[in-house]
Amino acid sequence: MPAQPDVAGGRRTRFLPVLAAGIFVCALVPLQLATAQRAPAWNIEQFTLPNGLRVTLNADPSTSIVAANVWYRVGSANEVPGRTGLAHLLEHLMFAGTPNAPRGTFDELLEDAGARSNASTTHDRTSYFEWMPSNVLPLALWLEADRMQALVGTIDSATFHRQLDIVRNERRETVDGAIDGRGYELMLGALFPREHPYAWHPVGRSADLDSLTLHDVREFARLYYVPANAELVVTGSFDRDSARALVQQYFGAIAGVVSDSSVTPRTLVPARLAEHVNIVAPGDPAAPALFMGWHTVPAFSDDDAALDIVARLLAHDELGRLSELSGVAPRVAQAVSVAHYSARQVGFLVISIFLAPGAAPDAARRRVQREIERLARDGPTALELREARGAMHVQLLDRHADVMQRAELLNYYSFYAGGPAHAEADQARYASVSATDVQRVVRRYLLAPHARVSIGSADASRSNAVPVHP
């Protein structure tokens, strides 16, 4: 491994919250802005190292910072029942230290140089990213290459158990102890059979975490944490020739070429519900919730953009179709959100309703059903559709303008759409969604059988509660 590069100056910074790639959060914006601006042309160079590492360079002289983003094409969908949680645990272990950068050094070196870093794990991928002053890029690339090369040989029993305890606690706080996290996990268990790769939360099932071994982690890392299963994106202020030389210097000597087939999740038969599934789970009666979920389509499928538009039409602040649940008597909700999750091999749309005190889940469900049927019958108004399409467009502009988000977006496009320079096509697919498209996908997907999860409501005392996987 080449020696650690020197970085002059710097300051300490705090970590920022992790961003979830591929999940769009839209903001209301002036419509004329959405229609007048286009994302700048992508200035991209791509190459692949002999060891299989794919590299995308996106130089941008208009900024003074740079971002590096490494995606390993592995997530919870690559796991098997009994060994869930490995991908997320490895995310934690990647910060646990190596012989060249012992425990704590990774964060300290970057923070002292004025850089920030974080990581996230989804069903499909694990992402590691740094954003920093341009002079810190050599340090960030050295650290990323060092842990890519040294991870498997570095993990020992003490490190493994220390990070496993942290993950168990994370699960207790964000899944077992959080109504939205628990609802998401129960929804996955309702939508997919137990053996299905998308049937569990990326943090892993509790019993599986308790049974994981150091051998499991090492074998998982040997298979997936190799250059040929990774893609590096560098975007922002940097010299292209220098960056190319740095990538070759730090990553070029790492071994581990594997065939693509060995790291691809198995092909799945699309999951569908033949009838409504109702799950009732105990919880805090003072904070009841109802979750409703439907099967949809994978990312970048033909109906994906229209379903994203539908999610926004149903719930966007006071403008969404479901806003009346929390604002019109009888008030049945304190808050409502709608998310369309498009993964590599599956998709699902989830409506989350945090019920008002004393509200019955069935009353909320009936009002949701009424709005869905109305949207299917009448379609969106011209104003609604313009606002939704414009908001998706502006969101893409915003993500392009932010260097760190752009690096994540380039990896997202490369993984899900087949190439990093997909912004133009992405803008076009949202702009082309029509009122007829909205009606069609609502009828096809949201009038089909769906899953319902009630937590902490009066229904939890009913004796016909359906057992669930987690």
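Start by selecting Arg-429: with a relative accessibility of 16%, this residue counts as buried. Keep in mind during the tour that you are looking at a predicted model.

**Stop 1: the partner of Arg-429**

Arg-429 and Asp-304 form a salt bridge, and their closest N and O atoms are 3.1 Å apart. Colour helix α15 (residues 423-431), where Arg-429 sits, and helix α10 (residues 304-314), where Asp-304 sits; the pair links distant parts of the chain, 125 residues apart. Asp-304 has 1% relative accessibility and therefore counts as buried, the cut-off being under 20%.

**Stop 2: helix α10**

How many of the residues of α10 are buried? The count is 11 of 11, so the helix is mostly covered, buried meaning under 20% relative accessible area. Walk along it and you will pass Asp-304, Ala-305, Ala-306 and Leu-307, among other buried residues. Further on, the buried residues include Ile-309, Val-310, Arg-312 and Leu-314.

**Stop 3: from α13 to a loop**

Next, select Glu-384 and Arg-321. Their side chains meet in a salt bridge, at 2.7 Å from N to O. Glu-384 belongs to helix α13 (residues 382-401) and Arg-321 to the loop between α10 and α11 (324-327), so this pair ties together parts that are 63 residues apart in sequence. Are these two residues buried or exposed? Glu-384 counts as buried at 16% relative accessibility, and Arg-321 counts as buried at 9%.

**Stop 4: Gln-369 in α12**

Move to helix α12 (residues 361-378) and pick out Gln-369, which has its place there. Gln-369 counts as buried, with a relative accessibility of 17%. Which residues does Gln-369 touch, leaving aside those up to four places away in sequence? Show Leu-447 and His-450 to see them.

**Stop 5**

Select Arg-147 and Glu-130. Here, too, the side chains meet in a salt bridge, with 3.8 Å from N to O. Arg-147 is in helix α4 (residues 137-154) and Glu-130 is in strand β5 (residues 126-133), so the pair ties together parts 17 residues apart in sequence. Arg-147 counts as buried at 2% relative accessibility, and Glu-130 counts as buried at 1%.

**Stop 5: a network**

Now select Glu-45, Arg-240, Asp-241 and Arg-244 together. These four residues are linked in a network of salt bridges. In general, side chains of opposite charge can pair when their charged atoms come close. The count of salt bridges in this model comes to 25.

**Stop 6: two crossing helices**

For the last stop, show helix α5 (residues 157-176) and helix α6 (residues 179-191). Their axes come within 6 Å and cross at roughly 90°. The two helices are therefore roughly perpendicular to each other. To see the contact, display Arg-171, Thr-174, Val-175 and Asp-176 of α5 alongside Gly-181, Arg-182 and Glu-185 of α6. What kinds of residues make up this contact of α5 with α6? They divide into 1 nonpolar, 2 polar and 4 charged.

Methods: Residues numbered from 1 in each chain as written. Predicted model: local features only at pLDDT ≥ 70, side-chain atom pairs only at ≥ 80, totals over all residues. Heavy atoms only, no water. Axes fitted to C-alpha atoms, helices over the stretch in contact; angles between N-to-C directions. Helix = DSSP H or I, 4+ residues; strand = E, 2+ residues; numbered from the N terminus. Parallel < 35°, antiparallel > 145°, perpendicular 65-115°, else oblique. Contact = heavy atoms within 4.5 Å. Nonpolar A, V, L, I, M, F, W, Y, C, P; charged D, E, K, R; others polar. Buried < 20%, exposed > 50% of the residue type's maximum accessible area, 1.4 Å probe, protein only.
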